[in-house]
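I opened this notebook to record what I looked up in the structure below.

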Amino acid sequence: MKMVTPRVFLVGETRVVDEGLQAFLEHVGVPDWTTDAPSDAERLSEVYGRLCYRSFGPGLNPNVTRVREGNGSYLGNVIQVGHGSVLEHAVVNFIFADVSRVFTHELVRHRAGTAVSQESLRFVRLDRLSAYVPTHIQENEESMQVFLRTLEQLEEVQQTLARAFGIEEEKAFSVKKKLTSAFRRVAPIGLATTIGWSCNFRALRHVVEARTAPDAEEEIRLVFGMVYEQVRDRYPHLLGDYEAVEVDGLPHVRTVNRKV
Ligand SMILES: Cc1cc2nc3c(=O)[nH]c(=O)nc-3n(C[C@H](O)[C@H](O)[C@H](O)COP(=O)(O)OP(=O)(O)OC[C@H]3O[C@@H](n4cnc5c(N)ncnc54)[C@H](O)[C@@H]3O)c2cc1C
């Protein structure tokens, strides 16, 4: 049995196709339009926002005589007035490793604007178990011993079942899959596993807020604190209204512009 701490990997993000965007700007009559966006996600969010009112410059829309200049100011206003759908276009892609099934059950409750690929314990046979040990358990010697002993026993159960069915010698993958799927039923919900999670920026803001809140579970608070650390400076104009306040040793990431 191995004790682990969740890991957060930011593995992808939206990229602008410059030729396509330039062709669109020419089409709409502003070939020289540029912006000071720090990232492609922010540049794209601004473009989608401005196309709504044709507000790339004064005069393009006869109703518009003045436009807000600058990516930070523009997106800051979008967030403040709650035009959250503009934030749905750009996405970020994460892989969360060494997270428990407690965490993944909670994560997948967030459906809007997300995509999920989860390690299959029907295909991937459990051999060695690893787990994140929550602080309360770690802080109490007796409960720590119970926790570790239980996990070691459950690890032994997996190995005993594997031996009982001779799965190492089994050639047919279809049989191995059925057995692996049966064995996982006696695995603990706290076992560490891997999940891929992508989301748009509207969902990202909502989930970071909800899951770093002090009443959320420790592991998901830990993970979304790490998520925030990785995105905060990368997309300052999409997340700059947040502040992180430490509560019970973990960041509570909050904003006045809730749920855009
Ligand atoms: C601290 C905490 C404790 C929790 N405890 C429990 C618990 O005890 N039991 C339990 O079952 N769950 C619990 N949850 C999960 C919670 O009920 C939600 O399922 C979860 O937070 C997903 O968030 P969401 O509803 O905002 O959905 P998301 O999918 O994140 O959607 C974002 C927003 O989009 C809108 N939306 C999404 N889907 C729909 C829809 N179908 N119809 C209309 N609008 C929609 C809503 O405005 C929603 O808030 C808990 C969550 C937290 C943060």
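In which sense do E3 and strand E6 (residues 192–200) pair, and over how many bridges? I find them paired in the antiparallel sense over 8 bridges. Two strands count as paired if DSSP finds at least two bridges between them.

I note that this is a predicted model, in which local features need pLDDT of at least 70, side-chain atom pairs count only at pLDDT 80 or more, and totals for chains, interfaces and linings use all residues. Residues are numbered from 1 along each chain as its sequence is written.

I next looked up the pairing of E3 (residues 91–100) with strand E2 (residues 7–13): 6 bridges join the two, which run antiparallel. For individual residues, I recorded Phe-96 in E3 as the bridge partner of Val-8, and Thr-193 in E6 as that of Val-99.

I then checked the overall dimensions. The C-alpha trace spans about 75 × 45 × 20 Å along its principal axes. The radius of gyration is 24 Å, whereas a compact globule of 260 residues would have one near 18 Å; the value is taken over C-alpha atoms, and the globule rule is 2.2 Å times the number of residues to the power 0.38.

Last, I looked up the domains, whose bounds come from an automatic or database domain assignment. Domain 1 covers 12–88 and domain 2 covers 122–186; their centres, taken over C-alpha atoms, are separated by 51 Å.

Definitions and conventions: Helices (H or I, at least four residues) and strands (E, at least two) are DSSP runs, numbered from the N terminus.
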